[in-house]
Amino acid sequence: MSELTTAARPYAKAVFEIAEAAGSLDSWSEQLATMASIVSAEGSAKLLNNPKTSAKQKIDTFVEVADGSLNEQGINLLKSLGENNRFALLPDISLIFEDMKSEAQGEVEVKLIAAAEVGQEPHDAIVTALEKRLGRKVKLITSIDESLMGGAIVRVGDLVIDGSLQGRFHSLKASLS
């Protein structure tokens, strides 16, 4: 776990608790995504890390760039982060918040790395099997890695299911050694 993720967790937890109590999880998702994209934008690090620019100036610029997409609570989060010079945490805060939101809503994000494009029928079968195994609604995110040669790798948090040919070759090689 990176140092930024560790520092971001308390902020994400606090925001999640506020959002859940107010029933505004989706609104906070949008605000955090906006804030994270601003921090990640090219050139923003130069402004946000400039010691000659005051925290208030940074926050005012941030709010201006967000162009009305932040509510009062979102601006308060920015003020808190600005006072502690922690704007760089926003992408991690957003990711942790989304994980907490998915968990609370009984959803899980699953990454499927396949050797070739996955058709709709196999996609649906994988989702159904994973929902049955995990007992939660599955959001499947697919990507292609031709180096796998065949099959796929499924990643759910710490769980990794390697059904790729490359993985099978490595297992066979290890058992023969």
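# Briefing on a predicted model

Leaving aside neighbours within four places in sequence, leucine 90 is in contact with Leu32, Met35, Ala36, Val39, Phe62, Leu77, Leu78 and Leu81. The model described here is predicted. Leu90 is also among the residues with the most contacts inside the largest nonpolar core, which has 26 residues.

**Nonpolar cores**

- Besides Leu90, the residues with the most contacts inside the largest core are Leu32, Met35, Phe62, Leu77, Phe87 and Ile93.
- Five helices each supply at least two residues of this core: helix 1, helix 2, helix 4 (55–66), helix 5 (72–83) and helix 6.
- Another core lies apart from the largest one and has nine residues, including Val110, Val127, Val138 and Val156.

**Strands and their pairing**

- Strand 1 (residues 107–114) and strand 3 run antiparallel and are joined by four bridges.
- Across from leucine 112 stands valine 154, which belongs to strand 3.
- Strand 3 (residues 152–156) also pairs with strand 4 (residues 159–162), again in the antiparallel sense and over four bridges.
- Isoleucine 153 has aspartate 162 of strand 4 as its bridge partner.
- Strand 3 and strand 4 form a hairpin with two residues between the strands, and in this hairpin glycine 157 takes a positive phi near 60 degrees.

**Salt bridges**

- Side chains of opposite charge can pair when their charged atoms come close.
- The whole structure holds four salt bridges, and three of them are described here, beginning with the pair of glutamate 17 and lysine 13.
- In that pair, the closest N and O atoms are 3.2 Å apart.
- Both glutamate 17 and lysine 13 belong to helix 1 (residues 3–22), where they are four residues apart, about one turn of the helix.
- Glutamate 17 has a relative accessibility of 43% and so counts as partly exposed; lysine 13, with a relative accessible area of 44%, is partly exposed.
- Lysine 101 and aspartate 26 form another salt bridge through their side chains, at 2.8 Å from N to O.
- Lysine 101 counts as buried because its relative accessibility is 11%, whereas aspartate 26 is partly exposed at 48% relative accessible area.
- Glutamate 103 and arginine 136 also form a salt bridge, their closest N and O atoms being 3.3 Å apart.
- Glutamate 103 is partly exposed, with 48% relative accessible area, and arginine 136 counts as partly exposed at 27% relative accessibility.

**A nonpolar surface patch**

- Three residues, Met149, Leu165 and Phe169, form a nonpolar patch on the surface.
- Together, Met149, Leu165 and Phe169 have about 290 Å² of accessible area.
- Leucine 165 belongs to helix 8 (residues 165–176).
- With a relative accessibility of 32%, leucine 165 counts as partly exposed.
- Methionine 149 lies in the loop between strand 2 and strand 3.
- The phi of methionine 149 is near 70 degrees, a positive value in a residue other than glycine.

**Other single residues**

- Aspartate 67 is placed in the loop between helix 4 and helix 5.
- Aspartate 67 is a residue other than glycine with a positive phi, near 55 degrees.
- The relative accessibility of aspartate 67 is 67%, so this residue counts as exposed.
- Threonine 5 is located in helix 1.
- Threonine 5 counts as buried because its relative accessibility is 17%, and buried means under 20%.
- Apart from neighbours within four places in sequence, threonine 5 is in contact with Asp92 and Ile96.

How values were computed
Residues numbered from 1 in each chain as written. Predicted model: local features only at pLDDT ≥ 70, side-chain atom pairs only at ≥ 80, totals over all residues. Heavy atoms only, no water. Patch = residues over 30% accessible without salt bridge, like charges linked within 9 Å, V, L, I, M, F, W, Y side chains within 5 Å. Areas by Shrake-Rupley, 256 points an atom, 1.4 Å probe, with all protein chains shown as cover. Buried < 20%, exposed > 50% of the residue type's maximum accessible area, 1.4 Å probe, protein only. Core = buried A, V, L, I, M, F, W, Y, C linked by side-chain atoms within 4.5 Å. Contact = heavy atoms within 4.5 Å. Pairing = 2+ DSSP bridges.
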